[in-house]
Structures are given as structure tokens and as C-alpha cells.
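Colleague: Thanks for making time for this. Could you take me through the labels and the values behind them?

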Amino acid sequence: MGSRSRGDGNYRNPCLTMHQPWASLLVYGIKRIEGRSWPSPIRGRLWIHAASKVPDPATIKAMEDFYRAIYAVNGITDLKFPEHYPISRLLGCVEVVGCVTLDELVSWEELPEGVRLEGQTDYCWLCEQPQPIALSFSSQYSAIFFNRLEDLLYSTMQKLIVPFEMRGYQGVYNLEKKIYEAAVRGLSPVTSPLPVKFPLPDPRDRFSLKPGSLASDSKNSKAIKMEKPPSLDAAIAGARAAATQFSNKDSSPSVIQDGDAPISARTRNKRKEAVEGQDSQSVGVSDAKDFRDQCSAD
């Protein structure tokens, strides 16, 4: 069992539980900034787990509209969003290369404007190299199947997205070894619609990009000042409203209703079974403020 503490610093295969649709948007490279009320305790690979709350269609639409709007600022208009937003699943991973304050992010003139618009929280975790899991099985059998089907895995990893079912915990915690060993074999890199590299102040120190490290530069820079079209303002407001649903303390799974997420009937039935299974082992999630933070553009 992994540590559920944010600050113990003993991370082997760190994992973070996030709500949908933010979790999938991050793993698929559309979301580049993970917002939190606390600075990132890790650098390097961070596994992303989707919490048990079923995303409603309005939330999905609000976040997809938000990313369409901020990518359009940089001329990207052909975004392809995930077809599904699975819950209670290990989805993949990203590389956390740094963490800066909101003021530092919005003043970082070398970054595309859309990236700077994405930050809305006290601390902004800078994420690169998104890798969803491309083929997987239930965790209790995954190690056996992966050992036997390794060749098949690497020949089909671009074709099927079936994340691992598992539970999550608060804050950053360690992924269980057996799940890690199976999941790492199924990683499939994806290309972000607008790849961004966050340069380290000191390439020899992977923790050099941290809160305060850009303070001297940001003092001489100006935050984003641009004429925002009404559609962009509306998209930002919609994203913020979508995040406020997590302001309450209720982290229990939602009941799946017809018309929730745009998924097939077969997928809906599988999700219902997964959610019902959470009655006896509910998925732990971050505190209310962190859930608001989970939408980096909230």
C-alpha cells in the first residue's frame, strides 16, 4: 500500500488522483498545467489516476470549450479530445518538470499565451511527456498477461485504451508495485497539440524550476495583457464554474444516469459496475480546495 502523505518525500512511483475530465485531459497532453494549492513535492514521472466521480456532460463540455478557446489563442483549432473519460482507473503518466507560482507562470513571456492562460491556482505544476496506458487488464491478472503478451502489446499499443481499475488516495502517494510493473509496459507516448518545453534555470538540478526561481525575471515582465474575445472570457468562466462543484466535502461516487457522459451502453454498464464496487472501498480524493485546483484553468 502506498503512502497517503503529501510531505513524506519517499516517493518511488508517485501517483495523483484527479477528477475527470481533468485527469484524461492531462494524460492526453491537452492539459499542460496541473493546478494545486500546494507545491509539487516530486519531479519526474507522475502517474495519474481518475477518481470515482462520474463527470457530467456539462462539465465535460465546459472544459473542452475552455481548451478549445485557449489553444485558439495560439492558432490551434483542431483539438481531438478523448472519446471516453473513465473513472476509478489508472490512466497513464506525465513528467513533472517544475512547479511555479501563478504570478510566475502568467509573467513567463517565453511561454505561449494559451499556456499562461491555463494557470489559475496558487501553484502550477508544469507537465510534459504525456503517456496514456495503451493496453491493460484488471490489476490482479495484468502482470501475468503482460509477461505472456509482451510482443503483442508493443505491436498494438496505439489501438486500444483500457486503463487499469484501482483505488486512489489523498495527495501524492506511491503506486503499488504490481500495478506499476504491469502499467509501465503499456505506456504509449502521445503528441500534445502544442508541445511545450519548460526550461530549467539550472539543467543540472531537476528541482531548480520551483516557486521563487523565476521571481527576478517575473518582476521585469508583465502578466498577460491581451484583448480577450467574449468567447474566451465565457470559456474561462465556464471552466471556473465547472470546478466549483468540488467545493463541497462529498467525495462519494455519483450515481450513473442515462445521458451522463457521451459513452456507449456497454461502457456505461461497465462503469456502473465499477462505481457500485466502490460502495465498500470508496476512492480517496484530495481536499475540497485541491479539487477546485484540479482544473488548472478553474
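Modeller: At 0% relative accessibility, Glu 118 counts as buried, because buried means under 20% relative accessible area, exposed over 50% and partly exposed in between, with a 1.4 Å probe and protein chains only. Before going on: this is a predicted model, where local features need pLDDT of at least 70, side-chain atom pairs count only at pLDDT 80 or more, and totals for chains, interfaces and linings use all residues. Residues are numbered from 1 along each chain as its sequence is written, and side-chain values use heavy atoms, with hydrogens and water left out.

Colleague: What makes the contact between Glu 118 and Arg 32 a salt bridge?

Modeller: The N to O distance is 3.2 Å, and a salt bridge is a side-chain nitrogen of Lys or Arg within 4 Å of a carboxyl oxygen of Asp or Glu, so the pair qualifies. Arg 32 has a relative accessible area of 4% and is therefore buried. The pair links distant parts of the chain, 86 residues apart: Glu 118 sits in helix H4, and Arg 32 in the loop between H1 and strand E2 (33-36). Helices (H or I, at least four residues) and strands (E, at least two) are DSSP runs, numbered from the N terminus.

Colleague: How many salt bridges does this rule give?

Modeller: The count comes to 9. One of them joins Glu 34 and Lys 31 at 3.0 Å, N to O, and both of these residues are buried.

Colleague: Why is Arg 68 called partly exposed, and what is Glu 64?

Modeller: Arg 68 has a relative accessible area of 39%, so the label is partly exposed. Glu 64 has 13% and is therefore buried. Their closest N and O atoms are 3.9 Å apart, which makes a salt bridge. Both lie in helix H2, 4 residues apart, about one turn of the helix. An α-helix has 3.6 residues a turn, so residues three or four places apart point the same way. Arg 68 and Glu 64 also belong to a salt-bridge network with Lys 61 and Asp 65.

Colleague: How do you know that the span of H2 agrees with its number of residues?

Modeller: The expected span is 1.5 Å times one less than the number of residues. For the 16 residues of H2 (57-72) that is 22 Å, and the end C-alpha atoms are 22 Å apart, so the two agree.

Colleague: What does H2 pack against?

Modeller: Its buried residues pack against helix H1 (22-27), helix H4 (113-118) and helix H9 (230-243), where contact means heavy atoms within 4.5 Å. Among those buried residues are Ile 60, Met 63 and Tyr 71.

Colleague: What makes a set of residues a nonpolar core?

Modeller: The members must be buried Ala, Val, Leu, Ile, Met, Phe, Trp, Tyr or Cys, joined through side-chain atoms within 4.5 Å. The largest has 42 residues, and Met 63, Tyr 67 and Tyr 71 are among those with the most contacts inside it. H2 gives the most to this core, with 8 residues. A second, separate core of 14 residues includes Trp 47 and Tyr 173.

Colleague: Why is the pair of Phe 66 and Tyr 67 called edge-to-face?

Modeller: Rings of Phe, Tyr and Trp (its six-membered ring) pair if their centres lie within 6.5 Å; planes under 30 degrees apart count as stacked, over 60 as edge-to-face and the rest as tilted. Here the centres are 4.9 Å apart with 80° between the planes, so edge-to-face is the label. Phe 66 and Tyr 67 are both buried.
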